[in-house]
Amino acid sequence: MFKKSHTSPYLVRFLVITLMGAFFLLQGCQISSPAEPDDKEHAGNAMIIPEILEDQSADPDTASFELFVQQGEMEFFPGRTTETLGYNGNYLGPIIPVRRGQEVNVSVHNQLGEPTTVHWHGMDISGEADGGPHQPIMPGEVWEPNFTIDQPAATLWYHPHLHGTTGPQVYSGLAGLIYIEDDVSDRLNLPKDYGINDIPLILQDRNFNSDGSFSYQLDRMGLVPGDTMLINGTVDPYVEVNAEKVRLRILNGSNFENFNLQLSDGSSFYQIASDGGFLESPVARDSLFITPGERMEVIVDFSTATTDTEIALMAGEHPVLQFYVLDSEGANTEIPESLAVIPEISAGDDSPTRVFELQSMGLRGTINGKSFNMNRIDEEVNQNETEIWIIRNSRSMMHSSGHPFHVHGTQFQVISRNGNPPPPEERGFKDTIHVDPGEEVIIVVRFNHTGLYMYHCHMLEHEDYGMMGQFMVQ
Ligand SMILES: [Cu+2]
């Protein structure tokens with residue numbers, strides 16, 4: 001599925017330039033600039049592409065991974081050191097590659113001086129393996145969940161979920177992606193060349209102090225607005241692409257911030273997947289509104305672009321990722337007319353219905369008027385029973401925040417938004433849904449496993465300050 005031994009054009013170019021350089025140096029020549037026409041000087045920093053975590057199991061039906069939660073250091077700005085946290089590295093974590101049907105075993109080693117958890121966000125999974133606040137990993141301990149992947153190809157993610165410290169731990173760098181592949185994703189002729197035309201984008205806004213350290217400061221409204229965008233842990237990033245279709249797997253990994261993404265030339269692109277996998281067919285988009293916790297996969301068609309094409313990904317008014325188009329064609333991939341068949345989660349007239357009222361004022365948010373209590377089970381749900389959940393964000397003078405509502409342990413479907421059918425991009429599987437003030441979103445949901453799970457606002461400071469509830473599935 002992932003080509004781990006791929007010889008990239010960059011590697012070839014690097015080797016050629018290195019060999020040429022060695023040759024010229026031996027000749028006593030000075031090299032002023034590389035001879036390669038593509039190798040322009042780019043402003044900014046080459047975007048970091050996360051590693052793919054090695055599956056240590058030889059059996060294709062199982063996958064085994066080792067994650068080390070550790071402290072690290074980054075130089076986001078030259079000459080200034082930032083103390084960070086990361087999985088198997090200094091900042092963020094590797095991509096965990098799994099396949100539908102695989103039994104997955106993970107050993108999570110907590111090498112921090114504080115407890116943490118690892119939550120598999122978007123995974124259809126038992127409560128025990130979910131990695132929520134009830135599965136703390138103490139310093140020096142190892143947590144070994146195992147679970148079977150039984151959901152469609154999708155881009156999920158993992159991050160800490162200890163109650164009260166999720167915000168600061170994620171802010172320091174604890175987050176990573178999970179790629180699920182299956183027969184459907186195998187069959188589609190989509191861009192799949194990891195890091196070349198299938199590129200992850202973990203978007204995070206951050207604030208820094210002048211010494212380079214992170215400035216994790218809540219303002220009076222309880223917000224943590226960041227003035228610097230990191231993509232995959234890179235400040236001011238650029239990425240080189242071939243003149244081909246490029247798939248971007250986008251995660252809003254920010255603690256609090258929503259992003260409005262578009263291309264600098266205003267051109268449209270195609271959304272092919274939402275949180276829980278492929279849409280039935282690609283949806284042409286001019287812009288993407290993406291809220292914390294959400295993932296969207298899009299294809300940008302660079303196949304007619306040239307080396308002169310100037311194009312950037314914008315977040316609002318700000319360019320956040322510069323694309324440089326190389327003088328090479330790349331792979332012949334498609335934006336297929338149909339992507340996947342999405343089985344409908346259908347509810348009956350007698351399906352249990354629950355209402356979740358979201359309210360917040362500054363830092364303090366509640367759901368159904370309640371603040372999180374780990375010793376209280378808020379909802380009891382029957383396994384394999386389809387339910388209707390109504391999520392309301394009541395409008396008032398005092399609070400005007402939208403909230404990303406996230407449900408653990410499942411992928412749900414949207415029935416309606418404000419009484420209307422959901423827009424096409426919200427007709428796939430979802431695990432996180434934005435609800436603006438005054439809005440009502442109705443979802444249909446079913447839990448295939450048992451255990452204790454969370455529902456909460458995915459603005460991490462709202463979550464840490466109690467905008468979360470828990471439900472028991474049995
Ligand atoms: Cu919120």
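Analyst: Happy to! A word on the term first: accessible areas here come from the Shrake-Rupley method with a 1.4 Å probe. This is a predicted model, and on that basis the protein exposes about 20,000 Å², with carbon and sulfur atoms supplying 47% of it. Of the 474 residues in the protein, 56% are buried. The secondary structure comes to 4 helices and 32 strands, and among contacts with a separation of 6 or more, 76% link residues 24 or more positions apart.

Now to the strand itself, β10, which spans residues 176-181. Here 6 of its 6 residues are buried, where buried means under 20% relative accessible area. Both faces are covered: Gly 176, Ile 178 and Ile 180 lie on one side, while Leu 177, Tyr 179 and Glu 181 lie on the other.

As for pairing, strands of a sheet pair through backbone hydrogen bonds, either parallel or antiparallel. Strand β4 (residues 96-99) pairs with β10 in the parallel sense over 4 bridges, and Pro 97 has Tyr 179 in β10 as its bridge partner. Strand β9 (residues 154-159) runs antiparallel to β10, and 5 bridges join them; there, Ala 154 stands opposite Ile 180. Tyr 179 and Ile 180, then, are both buried and both take part in these pairings, Tyr 179 with Pro 97 and Ile 180 with Ala 154.

Conventions: Residues are numbered from 1 along each chain as its sequence is written. This is a predicted model: local features need pLDDT of at least 70, side-chain atom pairs count only at pLDDT 80 or more; totals for chains, interfaces and linings use all residues. Side-chain values use heavy atoms; hydrogens and water are left out. Helices (H or I, at least four residues) and strands (E, at least two) are DSSP runs, numbered from the N terminus. Buried means under 20% relative accessible area, exposed over 50%, partly exposed in between (1.4 Å probe, protein chains only). Contact means heavy atoms within 4.5 Å. Two strands pair if DSSP finds at least two bridges between them.
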